[in-house]
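This report describes one protein chain, from its overall dimensions down to single residues. The sequence and the model are shown first.

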Amino acid sequence: MKIIAIRHAKTSWNEKKLLQGRKDVSIVYPDAKDLKRLKSNKRKLDVEKGYTHIFTSQLKRTRETALLHGFSLQDLQVSALLDEIDFGDDMEGKDRESVGDIWEEAFTYPDREVFAESISSFTGRIKDFVSQVESLDKILVFGHGLWMRALLSLLEHGSVEHMNQYLVDNNSY
C-alpha cells in the first residue's frame, strides 16, 4: 500500500495560528506561494497517477483542497476516520501557542479526554483507517496537519508520541 497525502490549503484560522480541529472553516484564496505549491503538487500527482481511491475527511477544507487540485466531488470518498482531532468548543479558536501545557497533559494521559477527543481515541481512528485501506494499492488522502503528523509518527515509530517532530505545511505533499 502507498499513501500519498496532501494537507488542506490554508484557512483564515491557519493564517491567525488558531487551534483548528473539527470547526468547519473554508480555505482562503491561495496566495502566490500557495499557487506555486499547488502547481508543484499537481505535477507530482501527474507522475503518481493510478490511485485506487481518493479520500477526504468530512470537513470542507479537505474537499475544497481536492477540488483545487482538479478532482471532482464524485472522485472523492469521505471518511470520518480522517477528521482532525476534536479539540472541543473550549479549545477551538485559541492561539496554538497558548495550549502547550494542555498538550503535555494529553500525551501524559492519552486515555483522558483532555480535549473533546482523547489521544488514544484519535490514534485509534488513524489505525482504523490504515487497517481499512491496507489492501489497496495506492491511495491519495487530502487531510489535516495533526492527523498527518500522527500518521507519520505511527508508521515510523509505532506511536503518535513523535508527531511533533514532523512539520506538515498547508497544501504540502
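## Terms and basis

Contact means heavy atoms within 4.5 Å. By that criterion, and leaving aside neighbours within four places in sequence, V78 is in contact with T56, S57, Q58 and R63.

The model is predicted: local features need pLDDT of at least 70, side-chain atom pairs count only at pLDDT 80 or more, and totals for chains, interfaces and linings use all residues. Residues are numbered from 1 along each chain as its sequence is written, and side-chain values use heavy atoms, with hydrogens and water left out.

## Fold and dimensions

The protein chain has six helices and four strands. Helices (H or I, at least four residues) and strands (E, at least two) are DSSP runs, numbered from the N terminus. Their order from the N terminus is β-α-α-β-α-β-α-α-β-α.

The radius of gyration of the protein chain is 16 Å, which agrees with the value near 16 Å for a compact globule of 173 residues. This radius is taken over C-alpha atoms, and the globule rule is 2.2 Å times the number of residues to the power 0.38. Along the principal axes, the C-alpha atoms fill a box of roughly 40 × 35 × 25 Å. Among contacts with a separation of 6 or more, 71% join residues 24 or more positions apart.

## Surface and charge

The accessible surface of the protein chain is about 9000 Å², and carbon and sulfur atoms account for 47% of that surface. Areas come from the Shrake-Rupley method with a 1.4 Å probe; for residues, only the protein chains shown count as cover. Of the 173 residues, 49% count as buried. Buried means under 20% relative accessible area, exposed over 50%, and partly exposed in between (1.4 Å probe, protein chains only).

The chain carries 25 positive and 28 negative charges, whose mean positions lie 8 Å apart. Lys and Arg count as positive and Asp and Glu as negative, while His and the chain ends are not counted. Each charge is placed at NZ of Lys, CZ of Arg, CG of Asp or CD of Glu.

## Nonpolar cores

A nonpolar core is a set of buried Ala, Val, Leu, Ile, Met, Phe, Trp, Tyr and Cys residues joined through side-chain atoms within 4.5 Å. The largest core has 30 residues, of which F55, F87, W103, F129 and W147 touch the most other members. The elements that give two or more residues to this core are α4 (100-108), α5 (119-133), β4 (138-143) and α6 (145-157). A second, separate core of 10 residues includes I4, I54, L140 and F142.

Not counting residues up to four places away in sequence, W147 touches L81, L82, D83, E84, F122, R125, I126 and F129.

## Individual positions

V78 is in strand β3 (residues 76-78). Its C-alpha atom lies 5.0 Å from that of T56, 22 residues away in sequence.

K17 lies in the loop between α1 (12-15) and α2 (32-47). K17 has a positive phi of about 60° although it is not a glycine. At 47% relative accessibility, K17 counts as partly exposed.

E113 sits in the loop between α4 and α5 and counts as exposed because its relative accessibility is 58%. E113 and N41 are 72 residues apart in sequence and 36 Å apart from C-alpha to C-alpha. L155, in helix α6, counts as exposed at 55% relative accessibility. L155 and F55 are 100 residues apart in sequence, with 18 Å between their C-alpha atoms.
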